[in-house]
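Have the sequence and the 3D view open as you read.

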Amino acid sequence: MGQVSGGAITPLRAVSAPELHDLYRRLRDHYGPQRWWPAGTELEMIVGAILVQNTAWTSARKAVDALIAGGLLSIAALLRVPERELAEVIRPSGYFNSKARKLKAFARLVAEEAEGDVHGLLAKPLEELRPLLLATHGFGPETADAVCLYAARQPTFPVDAYTRRILGRLGWVDERERYETLRALLVSQIPAPLFAEYHALLVRHAKSTCKKRPLCEQCPLLELCPTGRREVGTGAVLSPAPADWND
């Protein structure tokens, strides 16, 4: 674990670009291109990012589909529909009353900041868009960064529980580290054009292999991972080759 000093947690050490490149290459070669987030439009992606909070994507997907079926997947419709009715439509996502308020808050943001045009909001630069989202009910840093990255295609990196789990098991960070510290670390070491694909690969790996109870024997990162190698009783971790993000 990282060291705790005066209530602050510090990373185990500085994660190097070669290590992050090796991780990316192994995940890419194992899983192939992800081309994620699973949504048809930018608004659908944003709504999904709100509805998936504290629930599984399968449940969030049911709620998104219910919004589409009810003709409610537009800013105008989200502004118009009564909050209680909206909550019933998105009931499959869980925490539906709270999430209805969040959807309403986002719709008001688009109306106030971009005259109801989602694309107008997403066209704002990252240094303007991210603070607007963070000031809106329902948007913590992770959700805001997911929207900025996948919907607005802006250069930021969502630090979710999957990212923390994988990097923590690799021994590269303390899983309890502050969000902004980890985000800054990743943004500084990974080429911006790869942010979305890199994050998507981490999500895929955490869901497929590096689960809460990891499947270490079949893990494509086993050669890099001290946690996995202890689990299966194998030898030392390999050192990464120099990073070449174009390979």
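## Around glutamate 42

Let's start with glutamate 42, which sits in helix 2, the stretch covering residues 42-51. Bear in mind that this is a predicted model. Skipping neighbours within four places in sequence, glutamate 42 is in contact with His119, Leu122, Ala151 and Arg153. Its side chain makes a polar contact with the side chain of histidine 119, and another with the side chain of arginine 153.

Helix 2 also holds glutamate 44, whose side chain forms a salt bridge with that of arginine 61. Arginine 61 belongs to helix 3 (residues 57-69), so this pair ties together distant parts of the chain, 17 residues apart. The structure has 16 salt bridges. As a rule, side chains of opposite charge can pair when their charged atoms come close.

Here are the side-chain pairs just mentioned:

| Side-chain pair | Kind | Distance |
|---|---|---|
| glutamate 42 and histidine 119 | polar contact | 3.2 Å |
| glutamate 42 and arginine 153 | polar contact | 3.4 Å |
| arginine 61 and glutamate 44 | salt bridge, N to O | 2.9 Å |

How do helix 10 and helix 12 lie, and at what angle do they cross? The axes of helix 10 (residues 161-169) and helix 12 (residues 195-208) come within 9 Å and cross at roughly 75 degrees. Helix 10 and helix 12 are therefore roughly perpendicular. On the helix 10 side, the contact uses Tyr162, Thr163, Arg165 and Ile166, while helix 12 brings His199, Leu202, Val203, His205, Ala206 and Lys207. Sorted by class, that contact has 5 nonpolar, 3 polar and 2 charged residues.

## How confident is the model?

The average pLDDT of the protein is 91, and 89% of the residues score at least 70. Residues 1-9 stay under 50.

Technical notes. Residues numbered from 1 in each chain as written. Predicted model: local features only at pLDDT ≥ 70, side-chain atom pairs only at ≥ 80, totals over all residues. Heavy atoms only, no water. pLDDT = per-residue confidence, 0-100. Contact = heavy atoms within 4.5 Å. Helix = DSSP H or I, 4+ residues; strand = E, 2+ residues; numbered from the N terminus. Polar contact = N/O pair within 3.5 Å; in protein donor to acceptor, adjacent residues only side chain to side chain. Axes fitted to C-alpha atoms, helices over the stretch in contact; angles between N-to-C directions. Parallel < 35°, antiparallel > 145°, perpendicular 65-115°, else oblique. Nonpolar A, V, L, I, M, F, W, Y, C, P; charged D, E, K, R; others polar. Salt bridge = Lys/Arg side-chain N within 4 Å of Asp/Glu carboxyl O.
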